Every structure is written in structure tokens, then in C-alpha cells.
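Let's take a friendly look at how side chains meet in this structure.

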There are 2 protein chains.
Amino acid sequence: MKHFVPATRTHYGICSDSHVRHFSIPPASPGASFQAAHVGQELVVHGFLGKRRDKSAGLSFCPIESAVAKVQIVSRWETEGSLQHRAHMALRAIPAYSPVSVTGILEASDKPPGTRPHPDMKESKSWDLRLQKIQYLNTFPKNIIVSKDAVWPPKSRHLQIRFDPLLRDRLQFRNRVTSLLRKCLQSRRFTEVETPVLFKSTPEGAREFLVPTRKQGYAYALPQSPQQYKQTLMASGITRYYQFAKCFRDEDHRADRQPEFTQLDLEMAFAGSFDVMRVVEQLIESILKMLHNLYIPSDVNGVRHPVWRGYEDYKQIPRAQVKESYEAHISPENRPRYPYFVTNFPKFTYESAMKAFGTDKPDLRIQVPFITNITPVDSIVSEDFVKMITGLENPIVEACKFRLPGSVNDNRAFIQEFFDELAKTPQKLDPHTAPGVLVFDPSKPLHGLSALGHEAAEKLASMESEYWPRCEDGDMIIFVARKNEPFQGGSTELGRIRKLVYDRAVARGILPKDHKWQFLWVTNFPLFTPNGDDPGQGGAAGFSSTHHPFTSPASTKDLDLLATDPLRAKADTYDLVLNGVEIGGGSRRIHVAEVQEYVMRDVLKMTDAGVAQFSHLLEALRAGCPPHAGFAFGFDRLLTVLCDVPSVRDVIAFPKNNKGEDLLVGSPGPVTEAQRKTYHLSSKS
Amino acid sequence: MKHFVPATRTHYGICSDSHVRHFSIPPASPGASFQAAHVGQELVVHGFLGKRRDKSAGLSFCPIESAVAKVQIVSRWETEGSLQHRAHMALRAIPAYSPVSVTGILEASDKPPGTRPHPDMKESKSWDLRLQKIQYLNTFPKNIIVSKDAVWPPKSRHLQIRFDPLLRDRLQFRNRVTSLLRKCLQSRRFTEVETPVLFKSTPEGAREFLVPTRKQGYAYALPQSPQQYKQTLMASGITRYYQFAKCFRDEDHRADRQPEFTQLDLEMAFAGSFDVMRVVEQLIESILKMLHNLYIPSDVNGVRHPVWRGYEDYKQIPRAQVKESYEAHISPENRPRYPYFVTNFPKFTYESAMKAFGTDKPDLRIQVPFITNITPVDSIVSEDFVKMITGLENPIVEACKFRLPGSVNDNRAFIQEFFDELAKTPQKLDPHTAPGVLVFDPSKPLHGLSALGHEAAEKLASMESEYWPRCEDGDMIIFVARKNEPFQGGSTELGRIRKLVYDRAVARGILPKDHKWQFLWVTNFPLFTPNGDDPGQGGAAGFSSTHHPFTSPASTKDLDLLATDPLRAKADTYDLVLNGVEIGGGSRRIHVAEVQEYVMRDVLKMTDAGVAQFSHLLEALRAGCPPHAGFAFGFDRLLTVLCDVPSVRDVIAFPKNNKGEDLLVGSPGPVTEAQRKTYHLSSKS
């Protein structure tokens with residue numbers, strides 16, 4: 001960078017000069033100035049220059065990225081030394097992408113400008129501006145090379161946002177969805193209440209970030225969710241609460257999680273699961289309606305990208321600086337629309353979802369005739385076959401059938417390769433799982449099912465139900481055995497295989513990509529889960545709350561099970577799943593202090609000190625707290641699915657990588673000696 | 001708390017019983033059910049019971065605090081053992097304030113119910129519900145005594161929110177203002193973008209909270225404001241940004257500051273101060289319009305409380321559980337309105353504000369004829385007099401005149417007492433300040449001005465201007481000397497005295513409380529301030545940025561001063577002041593990388609390492625960043641003034657005390673040994 005010296009203005013470099021210049025740039029004409037009645041008038045546009053096209057020495061065109069109107073600069077001169085000539089020379093000296101102030105005469109344009117309109121723009125008619133004067137306001141450096149479809153490193157996030165119109169669209173989309181949901185909630189008499197970010201550590205579940213104070217040994221903790229504060233609001237007579245809340249978890253770096261994330265958090269008093277699910281469905285409905293009415297689904301590099309159709313003549317924009325296939329050349333009438341149909345979402349209990357799909361996040365796009373539900377085959381398969389696929393005593397044996405369009409041999413090769421490659425990935429199978437794979441093959445004895453024995457092969461070949469069409473040539477059947485015990489955790493091995501085979505078939509183009517949105521509820525998770533890696537509530541029971549310790553049992557029967565067999569108790573919970581992704585979850589809460597304390601003390605076997613950390617919540621419940629239930633959207637994740645992008649990073653302006661770093665600003669940063677002392681951090685060991 | 005055992009349901013206590021009960025409570029009737037056409041129908045209401053009035057053994061009335069309608073339960077029975085009799089007995093057994101589900105027959109009411117309607121309620125017509133059935137959903141404990149106007153300890157914030165309708169109103173008001181401002185900004189094509197809360201430490205100004213990571217020696221920092229991210233957005237082509245942002249400062253505990261607070265943060269590209277100030281004025285205008293149209297100013301215990309006039313027949317509600325004088329008995333026509341007039345707010349430079357009012361946060365309600373502007377009297381007063389009030393060489397002597405309605409003696413006593421008591425408070429005067437106080441007293445030689453000498457007394461007595469009316473009997477004139485040097489900091493001693501005298505006179509009822517809203521801009525603060533207590537930017541220059549190091553000089557002249565006399569350079573800043581409170585501030589930013597680096601490196605004399613901490617910002621500016629300017633409302637403080645309450649704690653649901661503690665939840669809390677190790681906190685020394 002050139003060294004800047006402000007002493008004598010005549011020595012200013014171009015950059016410092018632009019700092020001075022903008023003290024006196026003319027004000028921009030408002031968007032409303034761009035209309036037929038003003039043709040011939042002099043207007044001012046501020047914006048970023050696009051790529052100039054020089055038609056001749058005397059004629060140039062240059063798009064300008066303005067937030068108020070779609071404008072192309074037309075620069076033409078006839079007389080040397082004229083105003084137009086000087087402006088023309090100035091234009092040609094300014095590098096593309098520099099911010100400028102342009103003065104010109106408004107002209108109607110029949111050609112569209114060579115740029116995509118600004119994402120904020122409402123009007124999309126194109127205008128020409130005959131150049132009279134141009135001032136650069138800063139300069140775009142030569143050593144930043146802008147190329148089409150460039151992917152900038154995370155350190156240059158500002159360039160990614162600036163030059164990736166899809167990313168800027170998604171940030172706009174996020175803004176619009178946020179606004180819409182707020183509007184819906186306000187109209188339903190929800191009150192937005194801000195709850196503290198500087199909270200304290202409580203054994204709620206995940207690991208929390210701490211914020212040490214200057215008083216040694218004391219710290220705030222950043223909240224995993226506003227759960228305890230929102231329940232306190234229910235006890236305080238705020239009957240319907242919501243908040244777009246920043247939440248924090250210091251998790252070990254799992255795929256595509258952020259240490260900070262946004263929840264749309266809500267809670268309703270005098271309400272149960274049904275009431276909350278109804279409101280959540282209404283919110284989803286409003287989003288789908290907006291998409292249907294105002295967005296165009298545009299397939300870009302295999303991603304279905306929502307394009308704001310506020311740009312009325314969007315179809316006219318040429319590709320110049322726009323990603324390939326960004327938009328199909330189609331007439332407005334035939335423009336594709338997002339589907340819009342919402343009734344009640346289907347509901348599955350955790351148990352039934354695990355049974356039918358082997359996962360608590362079923363993707364309902366995975367369906368017959370291509371892929372069957374998971375089906376128990378214990379009554380069919382022989383003991384010999386079972387021994388071939390498992391060493392477990394008295395296991396449950398399940399099967400899933402896959403029908404891909406290829407030939408028998410294609411399919412055999414596909415599935416062979418699938419398992420070979422799976423073994424090399426971090427998602428590899430549990431070593432105790434040995435799936436049995438059979439291909440229905442007319443050229444083989446017993447159609448390739450001979451491993452099952454004669455009787456079982458016959459039965460399987462003739463088996464037929466709504467979710468298991470009769471076998472056809474080339475069908476692949478995968479058998480997996482599992483322990484004969486209640487479901488636990490997020491998926492079975494067969495459930496994972498089912499999803500991974502589907503994903504691979506879609507990725508390979510063997511099955512079509514399905515753009516439908518398949519929502520469903522998964523309800524009644526087990527109240528408790530045997531302790532795994534999560535810190536849980538630190539009780540001595542050997543198990544922890546599956547969601548959080550404030551979750552209500554699902555029924556009086558489950559309330560009774562607390563004393564006798566808590567691991568069998570079901571919770572009054574409801575996760576919302578969209579295309580195999582959990583986009584939110586909620587529950588009815590325990591609203592009676594004695595019950596809450598019983599769960600903590602006698603069921604989870606937390607210590608007195610542990611329970612005491614929740615005394616504020618117990619006090620709030622004790623003060624006549626009404627029944628209440630709530631929900632939280634994982635808002636980043638919801639947007640990820642709606643925008644059909646692979647990562648939450650694609651819908652966040654400034655995301656962190658999977659090490660929790662923001663490489664743009666370089667956070668987290670090293671602690672200084674002074675900070676170390678102030679906040680009692682230990683020195684390097 | 002009674003020990004809860006769920007094994008056999010017949011032994012449930014009342015509370016656990018209510019946990020079970022609400023599995024089967026009937027759904028509440030929607031608000032729309034409460035209309036004349038439905039009289040005689042059976043409806044269900046959920047809500048909190050109010051105080052029951054028993055008219056006789058067979059007749060009781062009881063209000064119920066419902067979020068959907070204003071309802072009074074009427075319980076009457078004739079036949080023993082009847083449905084009504086059983087319901088009546090049940091009602092009488094339930095303690096007031098318990099949450100209940102009530103089934104009853106809708107009847108028109110000509111009497112208003114003895115309760116204030118729920119703050120969320122839209123309709124306010126009163127209804128009676130003839131009791132058929134009542135179920136408690138939890139119970140309100142006997143040992144919580146609810147009395148009118150109770151102030152609960154901070155530990156019981158939930159009870160304060162529940163039983164202080166004014167506080168709940170304010171939370172609703174906050175919600176409405178938030179919604180309104182979002183709407184205004186969205187309609188002006190501002191995009192809400194969420195920026196990270198886990199940022200990194202940069203020497204921007206105040207002390208930052210740290211969030212240590214598991215990697216020893218590394219930490220996130222919580223942002224003082226989203227300043228650097230929002231400037232990056234300007235470089236990224238997002239032309240208009242806003243966000244309700246949580247900000248954090250670990251400040252030494254000054255009066256009425258919170259360690260976390262909310263800013264309404266905004267930024268505009270291709271814009272200067274003028275553009276931003278215009279938008280901010282439009283936002284304020286929208287708030288005042290809403291207040292004018294939808295709120296009733298209601299004087300409650302000396303506070304002007306905004307009451308939502310959605311409650312149409314609000315005036316009919318008796319005082320039962322409502323704070324005294326909460327609302328005047330006035331007809332809707334004569335109902336008072338908030339004033340609504342906004343044009344351009346007056347603008348004062350920092351220099352002129354300091355000169356005329358002795359403060360950078362002038363309260364324009366302090367005005368003639370009661371209190372004059374500060375007026376220089378150097379040309380009038382004698383050297384002898386100056387020596388009496390100061391030991392300074394060649395000082396500036398200023399005076400301010402106070403006219404209170406009392407007699408000469410009253411006023412003399414008032415001002416005597418004022419200075420006596422001031423000396424005992426933490427706000428006491430600088431020990432070098434010895435104000436000269438004279439009272440214009442016809443009974444004294446030279447009207448009490450003899451200390452000035454004959455000539456000066458004459459001049460002063462006959463002095464007259466727009467901001468200094470001619471002396472009258474009883475006028476008090478206070479003279480203070482100050483160093484003859486440029487203004488620095490927030491106020492002069494005379495400015496402080498002027499404000500404190502006004503506040504005291506209003507508190508004593510000597511001057512009327514003025515409910516006008518007086519907005520003004522204070523612009524062009526000095527770019528730099530000699531180092532005080534604040535850490536500043538840690539440069540070696542001996543001074544720091546007054547606002548932050550990204551602030552642009554006000555003019556080319558000020559840009560030139562950077563090299564020659566930086567302390568004289570003015571900044572392109574604008575603070576918005578309302579009734580003597582700074583409710584927001586903003587500036588044009590430096591948008592040219594070389595200028596920004598010059599300020600950091602050559603003016604503030606930051607080290608290479610210090611400048612490197614801002615490299616992300618310098619990179620963003622370098623990439624052709626357009627000129628930009630922005631603003632941030634101190635949102636809590638704005639609401640505090642609009643609600644006429646003394647503290648930001650009164651407009652925050654869960655505030656922290658001035659030690660930074662939330663006594664409700666007990667944050668910050670002690671760090672556990674495991675946390676200490678995980679995050680490398682040092683053990684107790």
C-alpha cells in the first residue's frame with residue numbers, strides 16, 4: 001500500500017483523493033426518478049461500475065450496479081474537449097468494480113443492461129444514462145482478479161458477498177423470511193422479548209462457552225438457548241413469546257455446525273404440543289406461500305435457488321456477469337413456481353420413525369417404488385441366514401429393498417462399490433454390522449435369493465405391501481440385524497444405509513433429484529437416554545434427558561414410569577423434519593415445580609448443588625406457572641434446506657469454519673498479557 | 001416443597017395433580033368467540049384467576065386474566081349438588097393468581113371486570129362467563145403475598161413482571177417500537193444482516209469481554225458493536241444494512257449501564273452524514289406518530305407512562321389491581337394525546353453545544369425564562385472578582401442565570417442547600433471549581449451584585465439577549481471559571497451545575513415537569529481526545545479516537561489537520577440527544593484504506609501488530625469500498641426516555657444490576673474445576 005501523507009493535497013494518491021472527493025459528490029437521484037416522464041432530465045446515480053464495452057473510440061457502454069435502478073451508462077462524444085469527451089475519458093480511466101457517482105441524461109433503454117439488477121431493487125425496468133460526468137469514489141485494485149463463478153477464500157468473504165449474486169440473494173432471502181415470520185408471529189399476538197446473552201452455566205446439556213469476569217472464579221456462560229428465561233416469562237404472565245435468539249454451543253466439531261447459531265425461539269402458555277405444532281405449521285405455510293407467490297425456483301449448478309420475482313422482467317437479463325443457467329429463458333406465464341401445499345404435516349412417533357425408516361430424521365422423498373420402508377423379516381429368514389449376517393443372540397432382522405433403473409449387473413456393481421467406498425469414509429459402518437446383500441436376478445437360482453433357503457426365498461419374492469412392492473429383476477435387498485432392544489439414538493445401521501444409498505443414487509444421477517419439500521413431525525422421543533459423550537445433566541442416574549431436563553412426560557403413564565422404569569418413559573416432544581434434516585424441535589415443559597424437582601433429584605439423581613443451579617426456574621414454576629409448550633427453529637438450517645445449499649455457511653453472512661474460526665477477521669485471536677491478567681486466564685503451560 | 005412421588009396417582013399432591021390434569025384440559029375458545037352473537041354459548045377461558053369477591057354464599061364474582069378477552073367469572077348456584085354448586089365450591093377453593101381453565105356460558109356484561117385487561121389483548125369489551133366448570137392448572141402458593149404496588153426484589157423478577165402491569169406494558173411497548181422500526185427500515189430497502197457475536201479483540205475503544213477457547217491462549221471477544229462487520233458489508237455490496245444487535249462492554253460500573261445492551265445499528269453506502277441523519281429522523285418520526293395515534297400518555301406516580309389505546313374503553317376499568325392514578329377518568333374525545341411534531345431536529349456542533357449549554361448532551365427543556373444559556377462574562381467581570389472564584393491564569397468566566405418562582409430568600413436557601421448537598425454526592429464539583437453565586441436582591445446594595453464591583457454590576461443588571469432575559473428580583477447568577485483551552489469531554493462544571501439545578505428544581509416541584517420531547521443533533525466532535533481512563537487504541541500518540549478509529553474527518557481542512565495538529569481536527573459525527581440523554585450516535589467512516597491506515601499508524605501511532613488487528617477492515621476498504629456512514633441507537637436508552645422511567649433496567653425484561661449480576665438466575669456463577677481446566681482459567685491465587 002502506498003504511504004499516505006495528507007500534508008499537501010496536490011500529492012494525494014488516487015485513493016486519498018477519492019476520500020476528499022466524496023465530501024462534495026452530488027446526491028443520488030431517488031429510485032422514483034427513473035420513469036418515462038423524466039426522460040431527458042439529468043439524474044445522478046451512485047453505484048459500482050460494471051465491465052465496460054468499448055464499441056468504438058467514441059462510444060462505450062458500461063453497466064452500473066445501483067441499488068435504486070437498473071442503469072447502463074452510455075458514453076458518446078463527438079467534439080474533442082467537450083463535456084462528453086472529458087467524461088468519456090474519465091470513464092475509460094476508472095477500473096471496473098470501482099464505486100462511482102455518475103451524472104447523465106435519462107434515456108429509455110430497449111436493450112437490457114449487461115448486469116444483474118441489485119438484489120435490493122424493487123423496479124426492474126432498464127434505463128440508459130447518457131454520460132455527462134463521472135467521479136470515482138474509491139478505486140478497485142488491479143491485483144484483485146474478478147472472474148465468473150470465482151470462489152474466494154474464506155479470508156475474502158467480502159469479495160464472495162460482493163461478486164456472488166447467489167450468496168447476496170440468499171442473505172436477502174434470509175432477511176425476507178425473518179421479516180415474514182416476525183409479521184406472522186406479531187399478528188398472532190406473540191411478543192418479542194430479548195433475553196440475556198450473558199447467562200450462567202447450568203447442566204442443561206451441551207458444553208457452554210464461558211465469559212470470565214474480572215472477579216476471579218466467576219464467569220457468565222453463553223446460552224445454549226433462551227430456554228430457562230422463556231419458561232420464566234411463561235411464569236411471568238407473558239403468554240406468547242418469540243425471539244430470534246443467538247445461541248452458543250462449544251461442541252466438538254461435527255459436520256456443519258456453528259459455535260454460534262440463530263434460533264427462532266417461541267413459547268406459549270396455557271398451551272400443549274398440539275397448539276404449538278399448529279402455530280409452527282402456520283409459519284411454514286406462510287413461508288411456502290411467499291415462495292410460491294414471490295420466488296422463482298431457478299436451477300443453478302444443480303441447486304434450486306430461490307430468485308425474487310420482484311425483478312419483473314428478470315428473464316431479459318443476459319448472462320454477462322451472472323452464473324451460467326442462473327435463469328431459464330422463459331416467458332412470465334410459464335415461469336416455474338414453487339409448489340405450495342400445506343395441510344397438517346404427517347406425524348410419526350420416534351418409535352415408528354425408527355422402525356419404518358431407521359432414523360429419527362426421515363427423508364420422505366425416499367420412497368417406493370425406488371426404495372422401500374424398512375421391513376422386519378424375522379418371520380421369513382432362516383436361522384442359518386441370520387447367523388451369516390450377525391453374531392447377535394436373538395436379533396431383530398430387517399430388510400430394505402432398492403430399485404434403481406439400471407440393469408441387474410449395473411446395480412450389483414453400484415452396491416458393491418457403495419459398500420467398498422463407505423468403508424473408507426468417516427461414516428463407515430459399525431464393525432459389528434455385516435449387511436447381507438441380495439440382488440433379485442432371474443439368471444440365478446431362486447432369483448439370486450438362494451442364500452435365504454428355498455422357503456424364505458419364495459416368501460420374500462412374493463412379499464408385497466404398500467411400502468414393499470413385489471420383487472422385480474434388479475431389485476437389491478439389504479438385510480441388517482440389530483439388537484433386540486428399544487431404539488436409542490438417531491438411526492439404525494440399516495436406516496443409515498438406506499439414506500446413503502439414496503444420496504449416492506441421486507448424486508450419480510441414477511435417481512432424479514427430488515425438489516419436493518417433505519415435512520413431518522417426529523414425536524415422543526424417549527425422555528432419557530443412557531449417557532454417551534454429551535455432558536448431560538451430570539446426574540448419577542447413568543442417563544440424561546434426551547432433549548433437556550424440562551421436558552414433560554407424554555402422558556400420565558409416562559409420568560408413572562419415572563419412578564419405575566424411566567428409560568421407558570416417552571416425552572411430549574416434537575421435532576420438525578424437512579427432507580431428512582431436523583429443522584426444529586420443541587416440547588411441552590414440566591410446569592409444576594415438584595415434578596421438575598423430582599425429575600432432577602430423584603430420576604436424574606442430580607446433586608443438591610446441581611439442582612440448586614436451577615432454583616430460579618423452580619421458583620418461577622412454583623409461583624403458579626401455567627402449563628406451557630414451545631419450539632425452536634434451527635433457523636440457519638431451515639434456510640439451508642429452503643435454499644437447497646449444502647452448508648449452513650451458505651446462508652450466514654460471516655460464518656465460522658469447522659474449527660470455529662472466522663478467517664476473515666481472524667477470530668478467535670491470541671489473548672494479550674493484560675487480558676490474561678484481567679480475566680484470570682492461565683499462562684501458557 | 002413437599003416431596004413428590006409419582007408411583008401411585010392417588011397420592012399426588014395438588015401440584016402434581018395439576019400436572020396430570022392439564023393433559024386433558026379443554027382447548028380455550030379463540031378471542032373471536034367473544035361477541036354478541038355467541039351469548040348463551042358455552043366457552044372455555046384459560047388464564048390466571050384474579051381476586052374473588054363473594055357477594056353471598058351463593059354468588060361470587062372473579063376476574064380472570066385472559067390473553068384473548070376481558071372476562072369476569074360469575075358463579076351462582078341454587079341447588080346443592082348441582083353442576084353450578086360443585087363448580088362454585090371448586091372456584092372458592094382455588095387461591096387467587098392460580099392458572100385455571102374455566103368453562104362457562106357467555107353473557108353480556110354491563111359492569112367492567114375488576115381487572116386490567118391483558119396487555120396483549122386487542123378487544124376490550126367486557127364479558128361475563130357464568131361458571132359451569134373450573135380446573136386449576138397449577139396453584140399459587142400461600143407464602144407469596146401479592147400487594148398493590150409491590151416492588152419485588154430483583155431475585156423475583158418473574159413476580160415483578162407478573163404483577164406490575166406497567167412493566168409488562170413497557171415490554172409490550174418495546175416489542176411494538178422494535179416492530180415499527182423494522183417495518184420502516186425494510187420499507188426503505190434496508191437489509192437486516194446478522195453479524196457474529198463471537199468476534200475477536202481489537203483495540204476499538206472500551207474493554208471487551210473474552211470468551212476463551214479450548215485452545216490455550218486463544219479467545220473470542222464479544223463485540224462492542226458490529227462496527228467492523230457492518231463496514232465490511234458496505235464493501236461487500238450490501239448498500240443498506242440494519243440489525244438489532246446485542247453489544248457488550250465490560251465497563252467499570254457507571255450509573256445505569258448494562259454489560260450487555262441492544263443497539264439498533266444501521267449503515268448506508270454511497271451516503272454521508274446528511275443522508276443518515278434524515279433516515280434517523282424518519283425513524284423517530286414514525287415512533288412519535290405511533291405514540292400520537294395509538295398511545296395515551298398516562299401520568300402514574302410522576303411518570304408519563306404510554307398506555308396502548310387498543311384498549312378502547314380503557315377508561316372504564318376501575319382501580320382494583322391497577323396502580324393509583326394509572327389513568328384519568330376522561331372521555332375518549334378528551335383523552336390526552338402525545339404530541340407529534342417532527343421536522344428537522346436542531347443541529348449544534350460539539351463546540352457550540354459546549355459553549356451554550358456546557359454539555360455535549362444538552363437538555364433543551366432547560367430554557368429561558370427559567371434558566372439561561374451559558375454566557376461568557378469575561379468582558380464584564382473585574383479581575384478582582386475573577387480572582388475570588390478561581391486561581392487559574394487567564395481563565396474564561398461564564399455565567400448562568402436561574403429564575404425560580406420563589407422569593408429571594410427561598411431561592412437563596414435553595415441554592416445554598418443545593419451546593420451543600422452536592423458536595424456530599426458522588427457528582428460533587430471538581431475541587432478547583434469555586435462557583436460564585438449572586439442573588440439579584442433589591443434589598444441589597446447594587447441589587448446583591450456588589451461583589452462584581454460597581455461597573456460590572458450595572459452592566460450585568462442591564463444585560464439582555466434572547467437567551468438572557470434582563471435580571472429580575474430573585475434571579476440567581478452562578479459564575480464559574482474554566483481553563484482557556486478547547487473543550488474536552490462531556491461537560492463543563494457550569495454545564496453540570498445548570499443541569500443539576502434544573503433537575504433539583506423539577507424534583508422539588510419548584511419548576512413544572514416538562515414532558516416535551518426535545519431532540520437535537522450534536523455534531524463534529526473532536527476526532528481525538530487526550531488519553532484518559534479508557535484503553536483507547538493503545539497507540540503511542542497520547543490521544544485516542546473520540547468515537548472510534550474509523551471516523552472520518554469532517555472536511556478536507558480536518559483531513560489536513562491530521563498531519564499538523566490532530567487534536568484540533570473535527571470528526572464527521574452526529575450524536576442524537578433527547579431530553580439531555582444521548583440516545584444514539586453515528587459518523588461518516590473513512591472508506592479509503594490508505595487514509596484509515598494513516599490514521600492508525602501515523603496519527604494514533606499504533607504498532608504494526610496493532611494495525612494488523614484491523615487488516616480485515618483495511619482489506620475490505622481496499623477492495624473498492626464505497627463511501628459510507630451509519631448510526632446506532634442505544635435502544636434501551638431510547639425506550640427509557642420514551643417511557644419516562646429512571647433506568648434502562650425498567651425497559652429490559654431481565655436486566656443486570658450495577659455489579660453486572662442477574663440476581664434472578666444468579667449470574668455470573670462460580671466456575672467449576674472442569675470448566676477451569678477446559679478453558680485454561682487460572683485457579684484461585
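What follows is a short tour of ring pairs, charges over rings and salt bridges.

This is a predicted model, where local features need pLDDT of at least 70 and side-chain atom pairs count only at pLDDT 80 or more, while totals for chains, interfaces and linings use all residues. Residues are numbered from 1 along each chain as its sequence is written, chains are lettered from A and ligands numbered from 1 in the order in which they are written, and side-chain values use heavy atoms, leaving out hydrogens and water.

**Rings**

Rings of Phe, Tyr and Trp (its six-membered ring) pair if their centres lie within 6.5 Å; planes under 30 degrees apart are stacked, over 60 edge-to-face, and the rest tilted. Over all chains, that rule gives 48 aromatic pairs. Helices (H or I, at least four residues) and strands (E, at least two) are DSSP runs, numbered from the N terminus.

Both A:W521 and A:Y574 are buried. Buried means under 20% relative accessible area, exposed over 50%, and partly exposed in between (1.4 Å probe, protein chains only). Ring pairs also join A:W521 and A:Y574 with A:F345, A:F519, A:F631 and A:F633 in a cluster.

**Charges over rings**

A charge sits over a ring if NZ of Lys or CZ of Arg is within 6 Å of the ring centre and within 35 degrees of the ring normal. The charged end of A:R176 does this with A:W308, 3.5 Å from the ring centre, and that of A:K215 does it with A:Y218, at 4.1 Å.

**Salt bridges**

A salt bridge puts a side-chain nitrogen of Lys or Arg within 4 Å of a carboxyl oxygen of Asp or Glu. The structure has 84 of them over all chains, including these:

| Salt bridge | N to O distance |
|---|---|
| A:R470 and A:E464 | 3.5 Å |
| B:D54 and B:R52 | 2.9 Å |
| B:E597 and B:R601 | 2.7 Å |

A:R470 is partly exposed at 43% relative accessibility, and A:E464 is exposed at 55%. B:E597 and B:R601 are about one helical turn apart, because they lie four residues apart in helix α13 (residues 593-603) of chain B. B:E597 is buried at 16%, whereas B:R601 is partly exposed at 27%. Finally, a network of salt bridges links A:R182, A:E192, B:R182 and B:E192.
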